[in-house]
Amino acid sequence: MSVNQDAETYTAFSGARRLVSGPLAIASAAAQAEAEAGATHLVILSDQTGRAVDPAATPQAPSPQEKPARGRPKLGVTAREVTLLPRHWDWLATQPGGASAALRRLVDTARRDNLDADQARQAQEALHRAMTVLAGDLPGYEEALRSLYSGDRERFDGLTAAWPIDIANYLHKLSGRG
């Protein structure tokens, strides 16, 4: 999932307490202030992926002084190995534009046709990652995770209701219900 970093939002936690949600710079500043005040259990999560983020390791945009490279511009094409059975290669060889063009068309069609399912799966995976970071040692974590994957929202809500309010609210927000 390629997300524009400027559009991404982050949430900073100090233990079970939510500090702030917003751009990475704001979440980082809040976490830094907590660290300076002596807090030790700090985490910044990407609201889109559920991954913990190290603001110091975040790549910066290229400086405006950098000159473009000489020669032909890069088109964003990446060569990688694809392993297929002979019958697949035979079919690809008969397609207009060759194997690469046929594979690109197949991928584009699959991406378009599965967009909703892919987004739902990615949101579920983000929620799983955030749950693991924030609530992995809380009572009922494993059962809540099972209920997440089985689609049992009522049970999920019941299990997470006993968790610290900021964690439960954040997880409900990530699930699209907060």
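Modeller: Let me begin with helices α5 and α6, which are roughly antiparallel to each other; please keep in mind throughout that this is a predicted model. Helix α5 covers residues 141–150 and helix α6 covers residues 153–160, and their axes, which come within 8 Å, cross at roughly 155°. Because an angle over 145 degrees counts as roughly antiparallel, the crossing at roughly 155° gives this pair its description. The crossing in which α5 passes α6 is left-handed.

As for the residues that touch, α5 contributes E143, A144, S147 and L148, and these meet R155, F156, L159 and T160 of α6. Sorted by class, this contact of α5 with α6 holds four nonpolar residues, two polar ones and two charged ones.

From α4, the residues Q124, E125, L127, H128, M131, T132 and A135 take part, and in α5 they meet Y141, A144, L145, L148 and Y149. The residues of this contact between α4 and α5 divide into eight nonpolar, three polar and one charged.

Moving past α6, the loop between α6 and α7 contains A162. With a relative accessibility of 70%, A162 counts as exposed, since the cut-off for that word is over 50%. In space, A162 lies 8.8 Å from G140, C-alpha to C-alpha, although 22 residues separate A162 and G140 in sequence.

F13 belongs to strand β1, residues 10–14, and Y170 to helix α7, residues 165–174, so the pair ties together parts that are 157 residues apart in sequence. F13 and Y170 are both buried, whereas A162 is exposed.

For a contrast in helix packing, consider helix α2, residues 86–93, and helix α3, residues 98–113, whose axes come within 8 Å and cross at roughly 95°. That makes α2 roughly perpendicular to α3. Here W89, W91 and L92 of α2 meet G98, A99, A102, L103 and L106 of α3. By class, the α2 contact with α3 consists of seven nonpolar residues and one polar residue, with no charged residues.

To place these parts in the whole, the protein chain has seven helices and three strands, arranged along the sequence as β-β-α-β-α-α-α-α-α-α. Of its 178 residues, 26% count as buried. Among contacts between residues at least 6 apart in sequence, 50% join residues at least 24 apart.

Notes
Residues are numbered from 1 along each chain as its sequence is written. This is a predicted model: local features need pLDDT of at least 70, side-chain atom pairs count only at pLDDT 80 or more; totals for chains, interfaces and linings use all residues. Side-chain values use heavy atoms; hydrogens and water are left out. Axes are lines fitted to C-alpha atoms, for helices over the stretch in contact, and angles run from 0 to 180 degrees between N-to-C directions. Helices (H or I, at least four residues) and strands (E, at least two) are DSSP runs, numbered from the N terminus. Angles under 35 degrees count as roughly parallel, over 145 as roughly antiparallel, 65 to 115 as roughly perpendicular and the rest as oblique. A crossing is left-handed if the near helix is turned anticlockwise from the far one by less than a right angle, and right-handed if clockwise. Contact means heavy atoms within 4.5 Å. Ala, Val, Leu, Ile, Met, Phe, Trp, Tyr, Cys and Pro count as nonpolar, Asp, Glu, Lys and Arg as charged, and the others, Gly among them, as polar. Buried means under 20% relative accessible area, exposed over 50%, partly exposed in between (1.4 Å probe, protein chains only).
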